[in-house]
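Subject: Structure handover

Hello,

Here is the structure I promised you. Please open it next to this email and follow along.

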Amino acid sequence: MPIPSHVILTIPSENSSFKIDETTLTDAVKEKKLEKLQQIGGVNRVASSLETSLDSGINGGAEDIARRREAFGSNTYKKPPSKSFFYFVVEAFKDLTILILLGCAALSLGFGIKENGLKDGWYDGGSIFVAVFLVIAVSAISNYRQNRQFDILSKVSNNIQIDVIRGGRRQQISIFDIVVGDIVCLKIGDQVPADGLFLDGHSLQIDESSMTGESDHVEVNSKPNPFLISGTKVVDGYARILVTSVGMNTTWGQMMSQLTGDNNEQTPLQVRLNKLTSAIGKVGLVVALLVLVVLLVRYFTGNTKDENGSTEFNGSSTTSNDIINAVVGIVAAAVTIVVVAIPEGLPLAVTLTLAYSMKRMMADQAMVRKLSACETMGSATTICTDKTGTLTLNQMKVTKFWLGKETMDEASSSISSFVVNLIHQGVSLNTTRSVYRGSSGSGFEFSGSPTEKAILSWAVLEMKMDIEEMKRNFTILFVEAFNSQKKKSGVLIKKKEDNTVYVHWKGAAEMILAMCSSYYDASGVMKDLNEEERMEFKKIIQGIAASSLRCIAFAHKQVAETEEEDVKEKKKLEGENLTLLGLVGIKDPCRPGVKKAVEDCRHAGVNIKMITGDNVFTARAIATECGILRPDQDMDSGAVVEGEEFRNYTPEERMEKVEKICVMARSSPFDKLLMVQCLKQKGHVVAVTGDGTNDAPALKEADIGLSMGIQGTEVAKGSSDIVILDDKFASVATVLKWGRCVYTNIQKFIQFQLTVNVAALVINFVTAIFAGKALLTIPKLLSVNLIMDTLGALALATEKPTEELMKKPPVGRTEPLITNFMWRNLLGQALYQITVLLTLQFKGESIFGVTEAVNDTLIFNTSVFCQVFNEFNARKLQKKNVFKDIHKNKLFFCIVGMIIVLQVLTVEFLKRFTGTERLNWGQWGACIAMAAVSWPIGWIIKCIPVPERPIFSYLKRKECT
């Protein structure tokens, strides 16, 4: 950058100890004005003013960090306030059912006080008000807690780790800890953490679409455009940048502070449940209108009698007050039908299940970014997984070194110094990573990806490479950075001593070999690489790969000095007629437990496909070791393919072969996307793991995108639904288990809830028509709903995953939410409850020799205990033994105990609110005994076979015919 003829000196504010004005610096970068930057002295003057060394960064001590935060602020932004508890209370009041109930409560309260005076007349209406407010409180508390849970998860997902240089040492810190003056190291896939200026780097391409909306990538370099904006993404190359603005002083910070952060996402299951609730509500409304009409006709035709046996309506002799009271009672009876029909507990059950599962999955190393992924994962039929770091430990070490056609077991002393020097050049200068050694003579620290660290460690410790000396003796002219598409990286360097120019390449062994026309042997003699020699090298590479080693090759070539200008113009390095320097085999052991996790998924009916960029022989060896591939499966069986082969199939061939493929080697991100699309077209529910920037399309296309928390780039994480925090495949299998658990728990509650609703709807309809009043009054119904919907949902939502879940086939896309097994169970239990309660309604007084009030209490009590016992039945949808593993869920017992305690309190002490009478021990025993019969009935019902084909599919078939 040219030195300006004049420099504008801005006097810093009195509070700042730095020799630069924050506003001037911030504006220069925000506006991307090169003239303004030159006026304040350019990048070097800015670094000097910020007391930053271009080599070793800032001091990084606690006092230095505090001083910078005080002068320039912290890298955080103001968040809009979270929704208060009052907001969720107001939202709960907007529910139509709640509004209807409040209207009924108001009418009941008004007429009750008018009829019986304030002292005794407020009980009916007041009890409805209390029950409604309890329902509102439970709903508001649940939604408020879920919102808080999302806030916590948001903080965790936004806490990105960034590489910085402080005190000469490269280290990882939280994005929130970055300060002005920091030197940040960026690579492909990173998010730019703050506004800054380009210091050095190569081929840096930035995606600014999140800020500008423009899809074209922007090249950033030292002269025309050294400006980097917070929130943008690195799509190619690497660089070191100088941070100039953080937090609210960046455009990103200001934009983020304006976002409301609403979490109104509805999962597919919630949408389906809302439709189900709406459909049942419409049935209830029709039944309620029918009841309303029948009761009004009975009343006004003189067919109803009061408590004394007198006709209630006697034409003109009946007072208007009596008519109004009677009509309000009839409307209230109709409203109870609507209340009883709407399964308002279903949305709450889903919310509780998802919130509980998300919390537990976090403890199992899986952070859910999208709610829908929780339930969708339960339906997964295929998992496409990466190899490195997911199936393997990602703890790489060079274990083999080949020079020419010989393996080098000894250290570098037996190798020609000329060849060793070339290898040092190829390793130290063709890398984005660094080696740090403390001044006290402590051991080396290697930064970078596991592959880079393995190669650097080998070169420094085994080949005695001095990376700093190499950097002093050579100038880097151009870099082609590594990405998963190219599978190689190259660098153009100039030797300072004699200005000779070299190109060095490093990457996948067979790709580098194809670029070579000669090779060095151990003594430094260059030999031609004819076809016979090339075949020998291919066999060596295959042998290395067959030993489960990743094979990396190094090659170089001396080029003319004019090559520098050609490269800068073409932006492409020379890649022909290279000389092969050597091959290294890198061992990456399989993770402990990965074979069992693969077997578990297989037993669960889920296909595992390994998609890797590795050599086909390495891929096959690792897949066999992990249990994805059987030893007898090979490329001829179609189980193993290369990405290029899969890509070149016709669409028909791909669709025919895609399900047979177990391993895809040498694949590009496009191949992964293509496989996901084919599998989805075949009807599979596909989960995909990914860690690279180029994996983003496949992660978005998949039904469930699983990004890696350790090796994953921020672009990959942003495109995924779930982040696997420890990168382990075993955690992917755990997510699958939790997904099935979520889906099954919701099915359990649906069965439980609909049993309550069907039984109560039929009972209230029959009693309203034949007895002139609803058997279960509004206070009683609300009490049942409060106990059953909230606590019942919580009891079933907290069932933990069992091994049993992994022995069932996946649900897939077409399976109905309410299965034939569920219909059988809920209709059987509902029929029993209807029979018992209607028998008590019409014959209970004579059977037990009790008054009408006590009989009504017996009916109410038996109804509640039927639900308590049915809660146990709902634990297992198909298994007859409903008590299996029940001792492992202590919370279930606590909740059931709480329901029983609340019911005892309601019956024995809340007489005025619910209209109940106290019961003696015998009557309590009778209620419990009648309810307990639901256990043997549940066992008998599960003996009845049901067709596998969904019931409603027969109706659709008849409609079609």
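Which backbone oxygen does the side chain of Arg240 reach? It is that of Leu54, at 2.7 Å. Keep in mind that this is a predicted model.

Stay with Arg240 for a moment. Arg240 sits in strand E7, which spans residues 233-245. Is Arg240 buried or exposed? Arg240 counts as buried because its relative accessible area is 17%, and the cut-off for buried is under 20%. Leaving out residues up to four places away in sequence, Arg240 touches Leu54, Asp55, Ile165, Ile183, Val184, Cys185, Leu197, Phe198, Leu199 and Asp200.

Next, the nonpolar cores. The largest one has 83 residues. Met377, Ile383, Ile628, Ile704, Ile722, Phe729 and Ile750 touch the most other members. Helix H27 gives the most to this core, with 14 residues. Another core lies apart from it and has 41 residues, including Val43, Ile173, Ile178 and Ala194.

Now look at Phe729. Set aside its neighbours within four places in sequence. Phe729 is then in contact with Ile383, Thr385, Thr390, Leu391, Val594, Ala597, Val598, Cys601 and Ile608.

Last, a pair of helices. H27 covers residues 729-771, and H29 covers residues 820-848. They pack at an angle of about 35°, and their axes are 9 Å apart. The crossing of H27 and H29 is right-handed. What kinds of residues make up the contact of H27 with H29? There are 16 nonpolar and eight polar residues, and no charged ones.

Best wishes

Note on methods
Residues numbered from 1 in each chain as written. Predicted model: local features only at pLDDT ≥ 70, side-chain atom pairs only at ≥ 80, totals over all residues. Heavy atoms only, no water. Axes fitted to C-alpha atoms, helices over the stretch in contact; angles between N-to-C directions. Helix = DSSP H or I, 4+ residues; strand = E, 2+ residues; numbered from the N terminus. Left-handed = near helix turned anticlockwise from the far one by under 90°. Nonpolar A, V, L, I, M, F, W, Y, C, P; charged D, E, K, R; others polar. Core = buried A, V, L, I, M, F, W, Y, C linked by side-chain atoms within 4.5 Å. Buried < 20%, exposed > 50% of the residue type's maximum accessible area, 1.4 Å probe, protein only. Contact = heavy atoms within 4.5 Å. Polar contact = N/O pair within 3.5 Å; in protein donor to acceptor, adjacent residues only side chain to side chain.
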